[in-house]
Amino acid sequence: MCWYASSTDPQRSLPSIRILFASQGGTAQLFANMLSDALDEKNVPNVTVQSLADDTPENLVTSSLSSSSDSYYLFLTSTSGVGEPPSNGKVFYDWLMSQSNDSFPTDTNSNNRYYALFGLGNSKAHPSHYNVTSKAMDAKLNELKVMTPLMPLALGDDGDCLEDDFDQWQEAIVEQIVSRSTLNGESSTLQDDNSATTNTEDAPHAAEAPTPEPTANSDITVPTESMQCPGAKSGYRRAPIKYPRVLMGPPASSGSNGHAVRRDLLDVAPTFYHERTRAFPVVHNIALNPVASSNGLRELCVSLSAGDDESVQYQAGDHFTVYPRNKDYLVESYLDFVLDDVDPHAVILGNVSSTSTNSKPYPHPIDISLYETLSHAVDLNATPSPSFVRFLLDGEDGSMDYKGDIVRHGRTVLDLLLQNSRAGQPKKIALEDLLYQLPPMKARYYSIASSEHTHNRQIYLTYRPVRYVTSRGALREGVATSYLSGLTTGSTVIAVVHANPSFRLPVDPQVSVCMIAGGCGVAPIRAFLEERIQRAPNSNYGPGWLFLGFRDPNDAVYGDMIATALECGALTHAQVMYNNPLGGDGTASSLTVDQQEASRGNVSDAVRRNGAAILAHLQNGGYTYLCGGARTFGVAIENEVHQILQTHGKMSEEEATTYLQRLIHEGRFLEDLSD
């Protein structure tokens, strides 16, 4: 199918389709490019992809064409921090929120303006500010009535299956645009060549594909799907199916020691990181319990005093945002089994203009080697999107259940290509088809586990290495935790401190606090305990509750600190629970029989048993802190609190929901939950 201008009004037959994204971690940008690809496959012209920071807000919402029948504005935005727009969408967001119907720019180049909006969020990890940016933008556009909704607001939920949500929205958007463009008869914006065979002389001719130039090496046979260019071992590499060709230069000279791989990109690609990112020296990186399993809790301590820089400061409750890198064995596996004939040390210079009318900016840093790109910039462990899966399987996905077959098993590009190898040889793909379809590497947020009042110019993290075998027998390691686990004293971690001002202890020490945490959620609790212990001599504390859960006694940490907090009044009640009160290997633990029975169960069990006291805490103005995993722990504790309000507070289900929402709005029910 191809589209061409109506003979009655060739200028008026060109729609303007602008895909606008705001992305903190890169997923919204990836989805924007995927939407552009889907429109390109239907040969829909005049599609552009832009960040909301690429131009002035006024220019972004007016057609770039001299005249067009319709303009489509397709927004994709995530929510960052504790409910703010992403950094590259803040200027546009603030501008939009300030507009009125009279002040919003008119568009003399278009008959009609349509918009659609896809939000990216996580209802499990961030329920209190789930997709608030997209919801606010949609509400404002509806209020202004300056654009017509193409379809209702779509909310993508990473707490379930974000990729599936996007795939369904994308399919509906493409169908809407194509159908609207082809149902308007002679005044149609677009027409299908299958419905107008008599006007083929008006249709543009497709350009012939260039033939690779001959090489001096007569032994090399150039396959039709290859192209001659630097960056390939043989001089030729596989041509991309649908993406602009990536330009590659010769490897950078690195002396007699071979091609050195940068440990970070701070010098060569500083914009890849947040503006305050730096390298922090590691003081220690230790297992907190030597008898725990290989994925027991660990503690990392870094120094803030490298050189003369004293500008980095933090408070208990803040985050330490880490930029990880892929393991070398994973990078080399992709070079060996996924990519076809590429030089890993060739330098990526950017891309050439696509022959398509659609614009696709190169999504990663330039002037670094391919190896460095795969190491630092691309999430090789990411689950490929539904459209990428179809591409990898040559469209032979049959009745594949994407959520059940791909997402639930955590399958990667490497998995799919190795599984679908032919004659023992995995199918390989072009470099561009990988780099444009996998998401960029995301920074990982870690709750700081220390108080600067206790540890001068140092930050502590508490983390658990993620390591498991999938149901299909593949080894998986968490990208960030495996990166952290490999750090040694004297090495550096690439990170930035992010303030979290909404997650703080109450100013008045007499206000009751209740801290509920499980596993790695102990990190911000440790910081709060240090803060309260340090201030105890000069504070008259009110009630302090702690409910903490671990897998078993061998997994428990910071017991001495909890005891100190109880002695000095920083805590008045503490209950530590274990899923298995025996040792992790099934042997008897140091707990007495009575202690084992009292501590057996989940944190939610302890919260339920103390329901009357927790209700009194909430009704007396207390602050509650919920820390741990979002998908199970956070949901379970919220459900228990909801039940306490109904059982002990004699509230209806609706009244309990309203009460809990009010606590969240007032900043007295605070969550620090991981995805």
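Reader: Which residues make the nonpolar surface patch of about 310 Å²?

Author: This is a predicted model, in which local features need pLDDT of at least 70, side-chain atom pairs count only at pLDDT 80 or more, and totals for chains, interfaces and linings use all residues. Residues are numbered from 1 along each chain as its sequence is written, and side-chain values use heavy atoms, with hydrogens and water left out. Patches take residues with over 30% relative accessible area and no salt bridge, joining like charges within 9 Å and nonpolar side chains (Val, Leu, Ile, Met, Phe, Trp, Tyr) within 5 Å; areas come from the Shrake-Rupley method with a 1.4 Å probe, and for residues only the protein chains shown count as cover. The patch is made by Y329, V469 and L475.

Reader: Is L475 buried or exposed?

Author: L475 sits in strand β20 (residues 475-477); strands (E, at least two residues) and helices (H or I, at least four) are DSSP runs numbered from the N terminus. Buried means under 20% relative accessible area, exposed over 50%, and partly exposed in between (1.4 Å probe, protein chains only). L475 has a relative accessible area of 52%, so the residue is exposed.

Reader: How many residues of strand β13 (residues 298-303) are buried?

Author: R298, L300 and V302 point one way from β13, while E299, C301 and S303 point the other way, and all are buried. In a regular strand, side chains alternate between the two faces of the sheet. The buried count for β13 is six of six.

Reader: Which residue of β18 is the bridge partner of E299?

Author: Strands count as paired if DSSP finds at least two bridges between them. β13 and β18 (residues 458-463) pair in the antiparallel sense over six bridges. In β18, the partner of E299 is T462.

Reader: With which residues is E299 linked in a network of salt bridges?

Author: A salt bridge here is a side-chain nitrogen of Lys or Arg within 4 Å of a carboxyl oxygen of Asp or Glu. The structure holds 19 of them. The network links E299 with R526 and E530.

Reader: How far apart are the closest N and O atoms of K140 and E143?

Author: K140 and E143 are three residues apart in helix α4 (residues 132-144), so about one helical turn separates them. K140 counts as buried because its relative accessibility is 10%, whereas E143, at 55%, counts as exposed. In their salt bridge the closest N and O atoms are apart by 3.4 Å.
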